[in-house]
Protein chains: 2
Amino acid sequence: MEEFGNIGVVGLGLIGGSLCIDIKKRKIANKVIGFSRRISTLKKAKSAGIIDEFYSDFNQGIKNLDFIIISTPINVIKDYFLLIKKTKPEILITDVASIKEKVVKDAERILGKKNNFIGSHPITGSEKSGIEWCQEGLFDGKVVVVTPSKFSNEKALRKVKKFWKLLGSKVILLSPKKHDYILGLTSHLPHFIVFSLLKTIGKIKYKDFVGGGFKDTTRIGKSNPELWTEIFFENKKNLLYWIEKFEENLNKLKNELIEEKIEKMKKELEKIKREREKFDEQK
Amino acid sequence: MEEFGNIGVVGLGLIGGSLCIDIKKRKIANKVIGFSRRISTLKKAKSAGIIDEFYSDFNQGIKNLDFIIISTPINVIKDYFLLIKKTKPEILITDVASIKEKVVKDAERILGKKNNFIGSHPITGSEKSGIEWCQEGLFDGKVVVVTPSKFSNEKALRKVKKFWKLLGSKVILLSPKKHDYILGLTSHLPHFIVFSLLKTIGKIKYKDFVGGGFKDTTRIGKSNPELWTEIFFENKKNLLYWIEKFEENLNKLKNELIEEKIEKMKKELEKIKREREKFDEQK
């Protein structure tokens, strides 16, 4: 598809690698060019047919690109903005980070307000990380939140939206601020709570006494500690707000327990169960 | 297997129904006889070949039994102890409830201290309930906690242990008190926390913004509200103790966030991840 030309994917982990696979399978680019700090990852990706070409030197590689997708750890995204500014500041760019306010602000600060960056967040994560977990169709049927700001270029926004749709994703637009507020609740809070729960259980080794429920509940506790520390700190304000709300609700249920309000708790749990079942409608 | 004679299973839900299937498949009983409040469930179980016979009248059916497994809701277990006391007080009995102190005490109070009841808790639960979910091999490779008290009959204990081993389970002995303390941490606390988390999220309908991690984390929030209200109240003392420990750990992590102790949190999450991975060793 001429429209996207050569696509460069920076960072070939679970998300970056899976992006390359689908870009190639769906013929969205002329060529998919991989970038990674690790030459071994690049060689592995090339020999597995995940990418067409690779560059270890970003400044060299970017010359041939029309669209860059940054799927690196959050704290190095701004370094790529700096490199891009020097070499090809007008290029179309998106990212895949789980937080958006900081990334969009960095783009505006570094690339200027007339940039061609549009933030994206595909809600397809996993506790797994690394190219060995990448897979075809990871984005198919999944939600991708695209977060234009008031400075966003309309044409760039149209192209980024189109890109995700070609991968089969459902695109939802939110402001970077709204994104971080909502994902703070639906994703960052559950991770924080699960880490706290595991911290409580982990000290006592009662491995024989956990069932499938426990394992599913705490699966996200195996997520990348570096990534999640970053997400928590970058979304600190919203996360603290949601933790407070969680504590209020925990206290309400705890008080029903202390005050032996059995019928009230039963009704409460019934309501919670019904609401939870509604979430299963989403693919 | 002559040893177990005719086995009666009272309550044909996920656990009870699955027990019947394996008792028959593994030929552990001469006959498997089902009991349920609902005639429709009994007819369904009989025509599906899950049970050999059924009785809607418990007093009538018990005459033919050598071993009774009570897998009803917790609050009716004592009613069956009362019925058994009248009709066949010496019969071998076990149950499958998620709490044990109360059940064992009820057995001693109602059947006397020279009874043939031995409490069991197979750690094989699910958020699903009802006979339609029962399955072959549910207990195979799973832990069953068996909870003798100081009054327990040695011969009854041997038989109950043997029964679970014939189903492929790993039997672990704990006092009823220790069982409730440990399961309060490994099972009841996670359920309480997930209900609190869902109470926080449920009010705002951001269904589009949840991923697979969220769904797995909160799957147990679809569990039977009546059952879990009972478990929480029957294990109130232990649960409140563990909730307090959880709150301490949540506060520690929250303070690291507030005080921007990034490196400390990263190390903390790494430790939590490593400990969590160890739980995967258990089948």
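## Salt bridges, to begin with

A salt bridge here means a side-chain nitrogen of Lys or Arg within 4 Å of a carboxyl oxygen of Asp or Glu. Keep that in mind for this predicted model, because side chains of opposite charge can pair when their charged atoms come close.

Searching the whole structure turns up 42 salt bridges over all chains. One of them links B:Asp216 with A:Arg219, where the closest N and O atoms are 2.8 Å apart. B:Asp216 sits in helix α8 of chain B, while A:Arg219 is in the loop between α8 (212-217) and α9 (225-234) of chain A, so this pair joins two chains.

## Where the two chains meet

How many residues does each chain bring to the contact? Chain B gives 87 residues, and chain A gives 87 residues too. Put together, chain B and chain A bury about 8,700 Å² between them, with 71% of that area coming from carbon and sulfur atoms. Three residues stand out on the chain B side: B:Phe209, B:Arg276 and B:Phe279 account for 9% of the area chain B buries against chain A, more than any other three residues.

Between chain B and chain A the count comes to twelve salt bridges, and 29 residue pairs are in polar contact, both partners being at pLDDT 80 or more. Which elements of chain B give two or more residues to the side that touches chain A? They are β7, β8, α7 (176-202), α8 (212-217), α9 (225-234), α10 (236-258) and α11 (262-278) of chain B. Out of these, α7(B) makes the largest share of that side, with 19 residues.

## Two domains in chain A

Now for chain A by itself. Chain A splits into domain 1 (2-174) and domain 2 (179-281). Going by C-alpha atoms, the centres of these two domains of chain A are 31 Å apart. They do touch: 15 residues of domain 1 of chain A are in contact with 15 residues of domain 2 of chain A. Between them, the two domains of chain A bury about 1,300 Å², and 59% of it is on carbon and sulfur atoms.

Across this domain interface of chain A there is one salt bridge, along with five residue pairs in polar contact, both at pLDDT 80 or more. On the domain 1 side of chain A that touches domain 2, α5 (101-111) and β7 (143-147) of chain A each supply at least two residues. Elsewhere in the list of charged pairs for chain A, A:Glu234 forms a salt bridge with A:Lys102, and their closest N and O atoms are 3.8 Å apart.

## A strand pair in chain B

Back in chain B, have a look at strands β7 (residues 143-147) and β8 (residues 170-173). These two strands of chain B run parallel and are joined by four bridges. B:Val143 in this pairing stands opposite B:Lys170 of β8(B).

Methods. Residues numbered from 1 in each chain as written. Chains lettered and ligands numbered in written order. Predicted model: local features only at pLDDT ≥ 70, side-chain atom pairs only at ≥ 80, totals over all residues. Heavy atoms only, no water. Pairing = 2+ DSSP bridges. Domains from an automatic or database assignment. Contact = heavy atoms within 4.5 Å. Buried area = accessible area lost by both parts, 1.4 Å probe. Polar contact = N/O pair within 3.5 Å; in protein donor to acceptor, adjacent residues only side chain to side chain.
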